[in-house]
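Open the model in your viewer and keep the selection panel at hand. This tour goes from stop to stop, saying what to select and what is there.

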Amino acid sequence: MLAHLTPGPAPWVLAVTEGDLAAARAQMGFSLAWHIVVACLGVGMPALTLIAEWWGIRTGDPAYRLLARRWARAMGVLFAVGAVSGTILSFELGLLWPGLMGRFGQVIGLPFALEGIAFFIEAIFLGIYLYAWDRLPPKRHLLTGVPIVVAGTASAFFVVCANAWMNQPRGYTLRDGKVVDVDPWAAMLNPASPPQTVHMILAAFMVASFLTASVYAVALFKGRGDAYHKAGFIIPFTLGAVVTPFQIVVGDWAARFLADFQPTKLAAMEGVFTTGSHVPLTLGGVAVGDELRYGLEIPNGLSLLVGYHPSTVVRGLDQVPRDQWPPVTGVHWAFDLMVAVGLFLLALGVCLLLAWWRGRRTGLALLDRRGARLFLALAVVAGPASVVALESGWCVTELGRQPWIVWGVMSVRDAVNPAPGLMTGLWLVLVVYAAMTVATVYVLRRLAKGPAVPRAPQEEDVEKYPVV
């Protein structure tokens with residue numbers, strides 16, 4: 001049970017400067033924006049690798065087995081990098097937001113603990129999978145990769161449950177400013193968990209799929225039309241195209257959830273300032289005063305989307321005090337950008353489906369048809385565009401909750417660390433992430449150019465050792 005009480009600011013809040021608050025927000029936002037891309041690759045790449053390995057086992061085509069080996073090596077690198085960036089985020093939660101973790105750590109500790117268990121399971125089976133190439137029968141080796149996919153998906157689920165709690169706090173009672181009667185399962189499985197977790201997991205598969213496909217689309221666009229590069233494009237692009245329509249349906253579910261549980265966030269997303277019926281759907285526009293100007297309006301559009309009827313009442317920002325309004329223009333544009341990219345990716349998937357249906361062809365022959373260069377050029381863009389949609393979605397989630405860090409209970413200002421010098425930490429984090437970015441790109445490029453099946457140095461030493 002949650003007592004809807006908003007405690008007054010803690011004594012240290014008055015000492016927090018605007019610069020330190022902005023630095024803490026920027027540091028957390030940048031760290032999360034960087035980590036989430038690597039995390040999505042960590043969730044989606046194992047599935048792509050297993051699909052390639054399974055198809056290689058089934059068909060005997062060496063191109064698919066080679067893809068699986070290369071993707072497995074990249075998967076290992078990304079897992080290590082994601083572990084580092086995830087550790088940084090865990091420290092930032094305590095260092096930057098002691099007000100949040102000090103008061104509510106016992107409430108949201110369960111999903112973080114379960115995420116740690118999933119992480120170790122993923123790490124163990126990743127080591128087995130990478131080590132067991134040519135040491136286990138092919139089908140048995142394939143099975144060792146299944147727990148990686150399951151654990152990676154579970155890890156994403158648990159982390160997003162913690163974020164969902166910040167949007168729909170449950171599982172405790174706030175009595176005299178203290179947290180009592182904690183129910184960690186109710187907190188983790190709050191009303192926001194189903195739409196947010198499904199939305200995020202599907203987004204992870206989309207980002208991993210379209211980013212991977214875009215790499216091979218570049219090679220195909222340059223004329224490298226061998227079976228290896230065609231397979232490297234078809235597998236991830238097909239998976240991304242299959243996931244996209246489901247993601248759009250889930251996105252609609254998430255938006256309807258906001259209409260019932262977080263109407264202020266929905267009002268910011270759609271630029272609705274006044275509560276009423278027959279509310280138009282506005283594309284673009286800029287918030288000026290108490291209205292959204294210069295946008296393209298679709299009459300009754302938002303009311304129809306929310307309640308399937310033009311007379312559906314949509315609650316606006318006028319339902320809450322002005323100091324509790326999110327930054328409307330930023331949230332609105334981030335939402336519009338996310339939706340636009342989603343429709344673009346859906347259109348690319350439909351194009352591939354139509355090409356297959358019209359040509360009565362399957363597999364790699366689609367890339368030999370007329371118009372392939374234009375399609376490949378758009379597929380190259382699809383990879384970065386999926387990342388833009390991902391980051392935009394998180395901007396909607398986080399900016400749309402402002403000024404609250406825990407919706408309706410604790411503000412961001414109440415949670416921030418009052419210690420001076422947070423700006424120094426921001427610059428340090430920027431340097432660390434710049435170095436990690438350069439190192440990750442360098443290592444992945446070396447892996448792409450190197451042999452797909454390297455021999456372990458210790459094995460070579462053992463083979464050369466003279467046994468008497």
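Select Arg 322 and Asp 290: they form a salt bridge, with the closest N and O atoms 2.5 Å apart. A salt bridge here is a side-chain nitrogen of Lys or Arg within 4 Å of a carboxyl oxygen of Asp or Glu. The pair links distant parts of the chain, 32 residues apart. Arg 322 sits in the loop between helix H10 (301-307) and H11, and Asp 290 in the loop between strand E4 (286-288) and strand E5 (291-293). Helices (H or I, at least four residues) and strands (E, at least two) are DSSP runs, numbered from the N terminus.

Buried or exposed: which is Arg 322? Arg 322 is exposed, at 51% relative accessible area. Asp 290 is partly exposed, at 45%. The cut-offs: buried is under 20% relative accessible area, exposed is over 50%, and partly exposed lies in between (1.4 Å probe, protein chains only).

This is a predicted model, in which local features need pLDDT of at least 70, side-chain atom pairs count only at pLDDT 80 or more, and totals for chains, interfaces and linings use all residues. Residues are numbered from 1 along each chain as its sequence is written, and side-chain values use heavy atoms, leaving out hydrogens and water.

How many salt bridges does a search of the whole structure find? It finds six.

Now select Asp 134 and Arg 69. Their side chains meet in a salt bridge, 2.8 Å from N to O. This pair also links distant parts of the chain, 65 residues apart: Asp 134 is in the loop between helix H3 (98-131) and helix H4 (138-144), Arg 69 in helix H2 (residues 62-96). Asp 134 is exposed at 62% relative accessibility, whereas Arg 69 is buried at 15%.

Next, pick Arg 175 and Asp 181. Their side chains form a salt bridge at 3.3 Å, N to O. Arg 175 is partly exposed, at 46%.

**Stop three: Thr 153**

Go to helix H5 (residues 146-167) and select Thr 153. Its side chain reaches the backbone oxygen of Val 149 at 2.9 Å. Show what surrounds Thr 153. Beyond neighbours within four places in sequence, Thr 153 is in contact (heavy atoms within 4.5 Å) with Val 43, Ile 201 and Phe 205.

**Last stop: a nonpolar patch**

Select Val 350, Leu 353, Leu 354, Trp 356 and Trp 357. Together they make a nonpolar surface patch of about 510 Å². Leu 354 lies in helix H11 (residues 328-359) and is partly exposed, at 44%. Patches take residues with over 30% relative accessible area and no salt bridge, joining like charges within 9 Å and nonpolar side chains (Val, Leu, Ile, Met, Phe, Trp, Tyr) within 5 Å.

Methods:
Polar contact = N/O pair within 3.5 Å; in protein donor to acceptor, adjacent residues only side chain to side chain. Areas by Shrake-Rupley, 256 points an atom, 1.4 Å probe, with all protein chains shown as cover.
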